[in-house]
Amino acid sequence: MAGILLTGGASRRMGRDKATLAFAGPAGETTLVEHAIATLSSRCAPVFVVAAPGQPLPALSAHAKRPLVVANASGFYGDRASALHEQLAGGEIDVLTGDYLAELTMLILGRDRLKDPTLGYAKTFLRQLESTLGIARERGVKIVTNAGGLNPAGLASALRSLADRLGLSARIAHVEGDDLLGRAGELGLGEPLAANAYLGAWGIAACLTDGADVVVTGRVTDASVIVGPAAAHYGWARDDWDKLAGATVAGHVIECGAQATGGNFAFFTEIPDLLHAGFPIAEIEADGSAVITKHANTGGAVTVETVTAQLLYEIGGPDYLGPDVVSRFDTISLAQSGPDRVRITGVEGTPPPPDAKVCLNRLGGFRNSMTFVLCGLDVEAKADLVKRQLTERLGVDGVTWTLGTVAHDDPPTEESASALLHVTIKDADGKRSGRVFSQAAVELALASYPGFHVTAPPSDATPFGVFSAAFLPQQAIAHTVVLPDGRSVEVTPPTRTAPVREQTSVEPDGEPVATERFRIGEKFGARSGDKGGDANLGVWARTDEDYAWLAQTLSSARLKELLPELKELKVERYPLPRLRAVNFVVRGLLGEGVAASTRFDPQAKALGEWLRSVEVSV
């Protein structure tokens, strides 16, 4: 009979024999379909609903399926290598995901591809699967990752070779179409080193519904590696906005690895065990709600606050834009539902914008730097002397100075009596920033301030990249999947989109709340990060009373007073009352992006901790 197909791979973890069950019945016979799902779910994991050609997906009741268990094992290129094995061995999961890409990573992979056209993907992922692909296949766990970077086809091919060498049967698919470098001129993108559109989740879903065991992508939104499996598992429609938004929020929480389980957490001293924090898991329900958790007997913790902290990471206004859905972060509700279990509910979604974001990386030139140690008295005068000496030899073009660590009073050691003066130089061709800079600095060794020395010997100039973003109609991007049998299938762009809603910065509208003097970190947590050349700084309160202070008192103007480095920059402010939080976006803090930034903290990772160290009173 023509109808639907349910597929799954059995697990041996619970002592069951390896088996596969398929059901083909009329799509309209929902009761029979749900019975088949229940039968298959009891024997296999996961279950994906596949419509036969010309047949609609059946409307299944929510109770027909258990939650989809998605475990993430990587938050960046270079994350803990053992995490894939830990997530597979720690307990029952359905899907294993890994996020390897960031704006800086795309530049690194672009340089790899310049040296060798067969590269451009995260090589560490291939090494990780040497010892874990067999375990995943035995347990019926699907693997979804964006480790394909700039060359998903190359990584997919390497994985097939790996499976053959290991004697494993693995259906491997990949998603492509994000790489726009070959069309950059046609699309008005200039001459970048790399140009990649942020694709969504539907290509991943198409691969899984076709039966892929491993799905490799290039540049997709970080949450898409989680949303795609959920959409395939539950047979969601393209306009199931709330469900897609809920899965997107869950994906945003777990895609950065241990940051959801206590890593980089403001109140880290309260986390019981951070020696080896467990990686996060999302149990995603049919309605898009989810529980964030981790495997038992692993370090770290999953609490409302650890989840809140991650929700505030690298976001802008309350509308979280994506190619498949706009997720309303101001509708998120969190609740502790048990030890290391946080439930996410209430997330609302709206149609996606008509345009997709494109990540552009280009070579910006060359850079070099040096740090002078200024010990003892007259720190400002010593800094002034070395600045004037180098300026006379180099000029001022492309040169940035920062006087960092300030010497302590009555220092017990030479190090604590010292301040650090950083100088960075950038130029187009590496001539002035190379030997000319190094020689000019070295020549000061016996002719400058007393106690002259530097933290490291001079080096040659190195290239740096510049990040920028462009936007193109989603119809202009050929989102394509290459299925395990080699067929290429185009993923259609969304048929329904909506203009991006203007997100207006919201300042307090009442009188500041009077308080005794306190240090902000005593009452508030924070997490900060980079978004291209901008930074975000999310602040959350631990109590309703403290949130009243945050909402009514910490304005953009007050933030600039507390953090003087922000004084000349545009700051936007977005309250998120359901999270007892306020998110600030600082425009231009990081210049032309992480790779080009000369700031002491080029990714703004510690901006929140700086704020928490400040004393304030009203």
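**Close-up views of a predicted model**

**View 1. Cys256 is a buried cysteine.** Its relative accessible area is 15%, which means that Cys256 counts as buried. Buried means under 20% relative accessible area, exposed means over 50%, and partly exposed lies in between (1.4 Å probe, protein chains only). Cys359 is also buried, at 1% relative accessibility. The structure holds 0 disulfides; a disulfide is a pair of cysteine sulfur atoms within 2.5 Å.

This is a predicted model, in which local features need pLDDT of at least 70 and side-chain atom pairs count only at pLDDT 80 or more, while totals for chains, interfaces and linings use all residues. Residues are numbered from 1 along each chain as its sequence is written, and side-chain values use heavy atoms, leaving out hydrogens and water.

**View 2. Helix H8 covers residues 241-254.** Helices (H or I, at least four residues) and strands (E, at least two) are DSSP runs, numbered from the N terminus. The expected span is 1.5 Å times one less than the number of residues. For the 14 residues of H8 that gives 20 Å, and the end C-alpha atoms are 20 Å apart, so the two agree. H8 is mostly covered, with 12 of its 14 residues buried. Among them are Trp241, His252 and Ile254.

**View 3. Strand E19 spans residues 418-427.** Of its 10 residues, 8 are buried, so the rest of the structure largely encloses E19. Two strands pair if DSSP finds at least two bridges between them. Strand E17 (residues 355-375) runs antiparallel to E19, joined by 10 bridges. Here Phe366 stands opposite Asp427 of E19.

**View 4. Strand E18 (residues 399-403) also joins E19.** These strands run antiparallel, with 5 bridges. Leu403 faces Leu421 of E19 as its opposite residue.
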